[in-house]
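Please examine the sequence and the structure shown below. The paragraphs that follow lead through the contacts of its side chains.

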Amino acid sequence: MPQTYEEMDAIAMLKADHRKVEDIFEQFEKASGKDRKQKLAEQACLELKVHTIIEEEIFYPACRGQIDDSDLNEAYVEHDAAKTLINEIEAGGPDEAFYDAKVKVLSEMIEHHVEEEEKRSEGMFSQARAAGLDMDALADQMRARKKTATAELKGHPEIPAETRTFQGDDVDSALADEPIAPSRPADDMGALR
């Protein structure tokens with residue numbers, strides 16, 4: 001019997017998130033109505049914003065110094081490029097000339113990013129497992145943060161995805177080797193601090 005999300009370790013959780021977003025993008029490609037496309041695009045954007053939060057606040061900092069730093073740096077920059085498109089998509093709508101193209105390019109960017117993380121031997125996930133990181137403890141932290149991030153962002157596409165590696169960003173947060181405090185406090189964050 002397949003594991004539930006609550007039973008998964010950190011890497012299994014991240015892979016499950018990847019499959020969910022891939023499915024949403026596939027549904028978008030097949031959708032024809034503007035309302036349906038917008039709903040799917042917004043769902044993909046929310047999922048990706050939450051996913052980048054748990055990776056950047058918990059998983060990536062745990063990996064810093066344990067796996068190839070150049071892979072981590074590339075992952076942060078890929079996230080930021082995707083966040084730029086996410087913010088464009090959320091600010092726009094299906095009547096705009098490049099809306100479908102933006103969603104398609106975001107899908108392709110995410111496909112590449114997922115491939116980099118999930119490569120069998122040299123991917124980030126393989127490196128993290130080989131480094132002996134405590135995937136169960138990371139999963140517990142990630143599940144808790146995912147709940148608060150989802151509560152913060154669901155129904156609020158006006159809250160932009162925050163970049164970390166672009167000119168003027170808090171680059172130090174992407175270079176941290178300890179989980180960072182969330183950018184927006186939530187009522188029940190005390191357990192993570």
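Glutamate 56 lies in helix H2, where helices (H or I, at least four residues) are DSSP runs numbered from the N terminus. At 1% relative accessibility, this glutamate 56 counts as buried; buried means under 20% relative accessible area, exposed over 50%, and partly exposed in between (1.4 Å probe, protein chains only). The side chain of glutamate 56 is joined to that of lysine 83 by a polar contact of 2.8 Å. A polar contact is a pair of N or O atoms within 3.5 Å; within protein, one must be able to donate a hydrogen and the other to accept it, and residues adjacent in sequence count only if both atoms are side-chain atoms.

The model is predicted: local features need pLDDT of at least 70 and side-chain atom pairs count only at pLDDT 80 or more, whereas totals for chains, interfaces and linings use all residues. Residues are numbered from 1 along each chain as its sequence is written, and side-chain values use heavy atoms, with hydrogens and water left out.

The salt bridges come next. A salt bridge is a side-chain nitrogen of Lys or Arg within 4 Å of a carboxyl oxygen of Asp or Glu, and by this rule the count comes to 19 salt bridges. One of them joins the side chains of lysine 146 and aspartate 17, at 2.7 Å from N to O. Because lysine 146 lies in helix H6 (residues 135-153) and aspartate 17 in helix H1 (residues 10-30), the pair ties together parts that are 129 residues apart in sequence. Both lysine 146 and aspartate 17 are buried.

Within helix H1, arginine 19 and glutamate 22 lie 3 residues apart, about one turn of the helix. Their side chains meet in a salt bridge of 2.8 Å, N to O. Arginine 19 counts as partly exposed, at 36% relative accessibility, and glutamate 22 is partly exposed with a relative accessible area of 30%.

Which residue forms a salt bridge with lysine 49? The partner is glutamate 90, with the closest N and O atoms 2.8 Å apart. Lysine 49 lies in helix H2 and glutamate 90 in helix H3, so this pair ties together parts that are 41 residues apart in sequence. Lysine 49 and glutamate 90 are both buried. Salt bridges that share partners also join Glu56, Asp80, Lys83 and Arg164 into one network.

The structure holds 3 aromatic pairs; rings of Phe, Tyr and Trp (its six-membered ring) pair if their centres lie within 6.5 Å, and planes under 30 degrees apart count as stacked, over 60 as edge-to-face and the rest as tilted. Phenylalanine 59 and phenylalanine 125 form an edge-to-face pair, 5.7 Å centre to centre with 90° between the planes. This pair links distant parts of the chain, since phenylalanine 59 is in helix H2 (residues 34-63) and phenylalanine 125 is in helix H5 (residues 124-130), 66 residues apart. Phenylalanine 59 counts as buried at 0% relative accessibility, and phenylalanine 125 is buried with a relative accessible area of 3%.

Tyrosine 60 and tyrosine 76 also form an edge-to-face pair, at 5.2 Å centre to centre and 75° between the planes. Tyrosine 60 in helix H2 and tyrosine 76 in helix H3 (residues 69-91) are 16 residues apart. Tyrosine 60 is buried, with a relative accessible area of 0%, as is tyrosine 76, at 1%. Ring pairs link Phe59, Tyr60, Tyr76 and Phe125 into a cluster.

Technical notes: Helices (H or I, at least four residues) and strands (E, at least two) are DSSP runs, numbered from the N terminus.
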